[in-house]
Amino acid sequence: MKLELSRVIQGGARLGVLQGIGRTGQHSLKVPGCLLYTHFGTVPHLTQDTLQTVNNLPSVTQVTLSNIAEHQEVLEEFKEGFKAFAGLHNTVLYCSLHDPATRSPTGYATNKTVSVWGSGGRIELTASKFMALLKTVKPDWYQSMADGETWQTNTSRKRIRKSVDRTLAYLDECLLVHQKSQDLDGVELFGVVEGGDVMEERVRSARETAKRPVAGFCLDGLQTGSVDQALRTQLITSMTTELPEDKPRLLQGVGRPDEVLACVEAGVDLFEGFFPFQVTERGCALCFNYDVSPDPECAVLELNEEKHSAGDNMQPKGDLNCEDQTQMTSFEMNLKDKRYQDDFKSLVEGCGCYCCKNHQRAYLHHLLVTNELLAGVLLMIHNMTHYQNFFGAVREALATDKMDLLKKRVHGETRNT
Amino acid sequence: MAATVERVIVSSNPENSMSLQKALSAASPLTLRIVAECPVTKARACDLTLPHCTVNTPVFMPVGTQGTLKGITVDQLESLGCQICLGNTYHLGMRPGPDLIVKAKGLHGFMNWKRNLLTDSGGFQMVSLVELSEVTEEGVNFKSPYDGKEILLSPEKSISIQNSLGSDIMMQLDDVVSSTVKGPRVEEAMHRSIRWLDRCIAANKNPDKQNLFAIIQGGLDAELRKACLKEMTQRDVSGFAIGGLSGGEEKNDFWRMVTLSTDHLPQEKPRYLMGVGYAVDLVVCVALGCDMFDCVFPTRTARFGSALVPWGSLQVKQKQYAKDFLPIDPDCHCPTCKRHSRAYLHALFKSDTAAMHHVTVHNIAYQVSDGKHLIKLAKLFKFCLV
C-alpha cells in the first residue's frame, strides 16, 4: 500500500488516498476515512441486498479475531480464507484483534499472551497462535498482536510501560513469522502504538514501532471514554511526531464525530466504522449537520431542530469522559421518543438513503416500540450512510479549508453562515 | 360485494358455466380468473386480481404481524415474488392504532408496501390469548396486555379498524373456537359467526375498494360445517376462508373438513385456508381445492435457524453444519443460497442477527416458490393454456 497525500495541513491533518491495497493492489481508500465495521464479515443487521442500498461503502472490510478465533478449526478445514468463507467479494479484508464496539475486560494479558472473547468465552493467543490464525483467515492487512489493556483510568505507569514493552515484543515475534510465511506474501502488517495516557511512553512506543518494517500504525488505548479529547489530541500529536509521514495511522476505538474531527486535525488518517452500529443499537438515528457547501442555511435549520429539542437523557456535549459508550450523544435523535409517533417526515431531509427515501419517523418509532427486527436494518442503513457522508464532508472541508466551519456545523453551533 | 368471474377454459361441467355467467357484475375489488384445473384432483391455478396487483394462486401469504415482515424490507419481499402478505388487526389496532395509520395513508402507506395486504379480524387472538378474553354476543372483551384497559372487539370495531388499515382483503370477525373443543360451544360459535358476518358486511365502509371474506366455522362436525356453508354462501362476499382448523386436531379430521368445505364452496370465488403452512399440508390442500394460505411458521422457524428445504428442514445451528460448506439448498436460487454456506450461517448465528434474516429470506423464497411450483403442476394438468 502507498499513501499519497494531496494536502498536509500545518499542525497535522492530512488529505489523500491510500493506494494499492489488497493483495492484488487494485483497491484504494480515501483518507481521512473509515473502515466497514462487521461482525464476522457481516455488517450488523444487513444481508447483501440491504447492504447494497448504501452508496459509497468503504473498500476495506474489518473483521476481528474476537469474532473469528473460535472458528479456527472450521476455517482451517475450509482452507480458502475468510473472504471466500463469508461470501465477501471485491473488498479488502482488514483483521483487528478486538471488536471496537465492545470493551474487553482487562487483566488477562501476559508477557506471552493476549486474550479475546468469543461467544463461548475467553480464548488465549500466543504470538504463534495469533499468526497461525491469521494465516488461516488470509486477510489483506492486519494489526500486530498488542497489549492495549491500559484504557482504564488510573492504570499505573508501570503497567503502561509493560504494555509498550510487550507490544513491541509481540510485534517482533509476529514480524519474524510474517517475513518467513509465503502465505502472508503481499499482506500488510500494521504495528500497534501503545502508551496509555503517559506522554513519554507514547513517544517511546511510537519511536520504537517506527523502527520496524511495518506498513502503517494502529494507535491503541485511546478509545472513547478512556481519556478526554484534549489529552487524546496531545497524545496523538506526540506519537505522530515520531511516525513517518508517508505511512497511514489508524486510530482504534474512536468514532464520535467531534472526536473524529479533532483526531483528524491531530494527524489520524483512518478510523474504525463502529459508531453507526452503536447508534443503531440504542434505537437512534444520526442527524448531525456536516454540510459545508456554499448555501447551508436550509440544511442547518432542519438538522439543528432535532438537537435543540432532543431528550433529557442526552449526554452533554462537553462531557467526553463518559465511560458508557451506550449513552446517546448529541449527534443523534432518539426515535423511541413519543414526539416521533406521528411525525411523517423522513429521518433526515435530503439524506437519500433507502430508509429516508422509503420510510418515515413514525414508522421507525413504531418498529422500535414494538421491538421489530426491521428497526435495526433500517437504522443501520441510515446511520452508515450518514456517517459515510460525514467522512466525505471531512475530506471536502480539508480540501477547501473549511474545517472550522465543519466543526461548527457538527457541534451544532451555527444557524447562519 | 360479488366477485367478478372470468371463465376462460371450458370446464368439464357445462351446467356450471351457465350459472356462472349470471355471477358477472360491474367493477369489483376482486376478480378471479381460473387459468387451469386439474382433471384428477380439485386443484386449480388462478389469477386473483386485487386493487394493488394480480396474485397468482395457489399462493402462500407470509405474515407481517405488526406492519413488517420480521427483519425483511418491502423491497426484499417484492423481489422474493411476494404479491400479498398479512397484517394483524389486533396488534396494529393496539399499536400504533387505527387513527395513526389513517394519517399514514393506510397500512400500505405506513409500511410502504405497494402490493396487496390481507388483514385478519383479530379473532384468532381469542383462541391464543383466551385467558384475557370473554366472548359475548356483542363481541370479544379483551384486557389490553399493554395498559390493562378493557376493550371490546365487536364485528363493527374490527371492520372499522380494517377499513382504517385499508387492506385489500378483510376478514370477518368470527367466533373462533379451538378445533379440540367439543360440545355445544362449537355450534354456538358457528351460528354466532354467521350473525357476525352479517354485521361485518353491514359495517364495511369501503365495499368498492376493500373485499370482505367470510370464515366457515363448525369445528370438526360435518353437519355443523355444512349448515355454516349453506348460510354463508348465501351472503354477498368476495371470498371464503375455511377457519377453525390447523389448531392441533388429527390430520384425518383436518383434511376431511377441508374437502367438505371446498365441495360446498362456489368455484368462482377464492378459498383461503387459514393458518396452514407446512409444505405437505399445502400440497394436499391445494389438491383439495384451496387457493390461498398463510402461516407464521416459515418466518418464525427461520429465526430459530430452521431452514425449509424440499426434504424437510435443516437446523443450521446444529453442530453437524459447522463444517458443511454447501448452501442450505444447492438448487435454491434465493439470495442466501447464492452466496452463503450452511457453515457460514452456523457461525454467524453466534455473531449477528443478520443470520436470522438470511434464513428468513430463504424460507420466504421457499414457501412462495412452493406455490409457484404448484401452479406449474396445476398447469400441466390443464385442458388449454392461456
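**Entry 1: the two domains of chain A**

I began with the C-alpha centres of domain 1 and domain 2 of chain A, which lie 27 Å apart in this predicted model. The assignment gives domain 1 as 2–273 and domain 2 as 288–297 + 325–410; such bounds come from an automatic or database domain assignment.

A note on conventions before I go on: residues are numbered from 1 along each chain as its sequence is written, and chains are lettered from A and ligands numbered from 1 in the order in which they are written. As the model is predicted, local features need pLDDT of at least 70 and side-chain atom pairs count only at pLDDT 80 or more, while totals for chains, interfaces and linings use all residues, and side-chain values use heavy atoms, with hydrogens and water left out.

Next I looked up how the two domains meet. I found 35 residues of domain 1 of chain A in contact with 26 residues of domain 2 of chain A (contact means heavy atoms within 4.5 Å). Between them the domains of chain A bury about 2600 Å², 71% of it on carbon and sulfur atoms; buried area is the accessible area (1.4 Å probe) that two parts lose on being put together, summed over both.

I also found 2 salt bridges across this domain interface of chain A (a side-chain nitrogen of Lys or Arg within 4 Å of a carboxyl oxygen of Asp or Glu). The rule for polar contacts gives 6 residue pairs here, both residues at pLDDT 80 or more. A polar contact is a pair of N or O atoms within 3.5 Å; within protein, one must be able to donate a hydrogen and the other to accept it, and residues adjacent in sequence count only if both atoms are side-chain atoms.

On the domain 1 side, S2, S3, S4, H1 and H9 of chain A each supply at least two residues. H9(A) has the largest share, with 6 residues. Helices (H or I, at least four residues) and strands (E, at least two) are DSSP runs, numbered from the N terminus. By class I noted 20 nonpolar, 8 polar and 7 charged residues on that side. Ala, Val, Leu, Ile, Met, Phe, Trp, Tyr, Cys and Pro count as nonpolar, Asp, Glu, Lys and Arg as charged, and the others, Gly among them, as polar.

**Entry 2: where chain A meets chain B**

I then turned to the two chains, where 42 residues of chain A are in contact with 40 residues of chain B. The buried area is about 3500 Å², and carbon and sulfur atoms give 59% of it. His366(A), Glu372(A) and Leu373(A) supply 16% of what chain A buries against chain B, more than any other three residues.

I counted 4 salt bridges across this interface. One that I looked up joins Glu372(A) to Lys70(B), with the closest N and O atoms 2.7 Å apart. There are also 17 residue pairs in polar contact between chain A and chain B. H13(A) gives the most to the chain A side, with 5 residues. That side has 18 nonpolar, 18 polar and 6 charged residues.

**Entry 3: salt bridges within chain A**

Arg14(A) and Asp269(A) pair at 2.7 Å, N to O. Arg14(A) lies in S2 and Asp269(A) in the loop between H9 and S14 of chain A, so this pair ties together parts that are 255 residues apart in sequence. Both Arg14(A) and Asp269(A) are buried (under 20% relative accessible area; exposed is over 50%, partly exposed in between, 1.4 Å probe, protein chains only).

Lys83(A) forms a salt bridge with Asp140(A) at 2.8 Å between the closest N and O atoms. Lys83(A) sits in H4 and Asp140(A) in the loop between H5 and S10 of chain A, so parts 57 residues apart in sequence are tied together. Lys83(A) is partly exposed at 21% relative accessibility, whereas Asp140(A) is buried at 3%.

**Entry 4: chain B and Asp47(B)**

For chain B I noted 15 helices and 17 strands. Of its 386 residues, 59% count as buried.

Asp47(B) is in strand S3 of chain B and is buried, with a relative accessible area of 18%. Its side chain makes a polar contact with the side chain of Asn56(B) at 3.1 Å. Beyond its neighbours within four places in sequence, Asp47(B) is in contact with several residues, including Thr31(B), Arg33(B) and Val55(B).
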